[in-house]
Structure formats: C-alpha cells, structure tokens
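Dear colleague,

My notes on its aromatic contacts follow.

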Amino acid sequence: MQRQNQTQTLTFSAIMTALGVILLLLGSMLPGMRIACAAVASVVASMVVIRCGLLYALLSVVATALISFLLVSAKELALLYAVFFGPYTLVKNLVERLHRLPLEWVLKLLYCGIVAAMLFRLSDQVLAMVPDMLAAHFWLYLPAVLLVFAAYDIVFSKLIAYLFQRLHIR
C-alpha cells in the first residue's frame, strides 16, 4: 500500500512537471503571454506542494526549470520561472505556515523585491518584457512590480483554493 502511494505521488509530480514545461513552451510561442504562462506554471507547481509536499514540489520546480532551459526557446521565460515563479510556490507555502498575515505579507513582498531587483540588475532579457518606461527607471519599476505581485498573490491563493475544491485533489 505504501509503495502505491509513493508511485501515485511521483506520477502526479511528474505529470505536473510536464504540464509546467508545456505551459512555458506555450508562453514562448505567445510573446504577449510569457509572464502569464509562467504564473500559471507556478500554480501547477503549487498543486504539487499541496498534494505531495515540499520535497516533491522542490524536485518538480527544479525539473521544470532545467527542462525548460533545454526546450524553451525564450530563455528569459525559463529564467523568470526558475528564479521567481517556481521558487515562489515553495516560499509561499513556507511563509503561509506562520499564520500571521502582516508578517506573511512582509516576507512575500521582501522576496518579490529582492528577486525583482536582482532580475532588474542582471537580466536584460527579462527586462525586455517590461514596458520601456519602467525598465528605464528602477524607482518606477519596483513599486509597479510589488503592486502587480500583491494582486498576483491574492489571485494565486484564490485560484489554488478553487482548483482543489473543484478538482477534489488531496
């Protein structure tokens, strides 16, 4: 019985990894939807977090990132997933275990701010996905990213709750 549960867990993780890679491939084919596809791929990764636990989710995120670096033509999309969206599913799960809403928001915004600043400074390819006005001025870029991130986090939480209720995944 235990072996069957491990097999089901591994299979679910592998299927979600493949779905994440497919979403990133789709994002590379639809330039206007790159960030949205990476965000949806992170929702897929969060399903692994909730159903299988952090270890399988970590493996799924790493596998999705590595495979997408190999297969996805838009490397900035693979980078965005590998550095921000993929790991955020793990960070979100760990932070929300604190059950202290103000602290959770501070930690999530801190994570987003650090990663956004790092991407702003280090990756011209990712910056090319940002409107020129924001890309030219860090003092406009960071507040805009944090505002969009806060909306993303709220929608992310509601979408996960809906999916698990609707699909009866547990």
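Please note that this is a predicted model. I begin with Phe149, which counts as buried at 3% relative accessibility, the cut-off for that class being under 20%. Tyr88 is likewise buried, with a relative accessible area of 0%.

The aromatic pairs in the model number 11. One of them joins Tyr88 and Phe149: the ring centres are 5.1 Å apart and the planes stand at 80°, so this pair is edge-to-face, given that angles over 60 degrees fall in that class. Tyr88 belongs to helix H4 (residues 75-96) and Phe149 to helix H8 (residues 138-167), so the contact ties together parts that are 61 residues apart in sequence.

Tyr88 also pairs with Tyr152; here the centres are 6.1 Å apart and the planes are at 50°, so the pair is tilted. Tyr152 lies in helix H8 and Tyr88 in helix H4, so this pair ties together parts that are 64 residues apart in sequence. Tyr152 is buried as well, its relative accessible area being 15%.

Arg51 is placed over the face of Phe12, at 4.5 Å from the ring centre. The ring of Trp105 has the charged end of Lys108 over it, 5.1 Å from its centre.

Yours sincerely

Key: Residues numbered from 1 in each chain as written. Predicted model: local features only at pLDDT ≥ 70, side-chain atom pairs only at ≥ 80, totals over all residues. Heavy atoms only, no water. Phe/Tyr/Trp six-rings, centres within 6.5 Å; stacked < 30°, edge-to-face > 60°. Helix = DSSP H or I, 4+ residues; strand = E, 2+ residues; numbered from the N terminus. Buried < 20%, exposed > 50% of the residue type's maximum accessible area, 1.4 Å probe, protein only. Lys NZ or Arg CZ within 6 Å of the ring centre and 35° of its normal.
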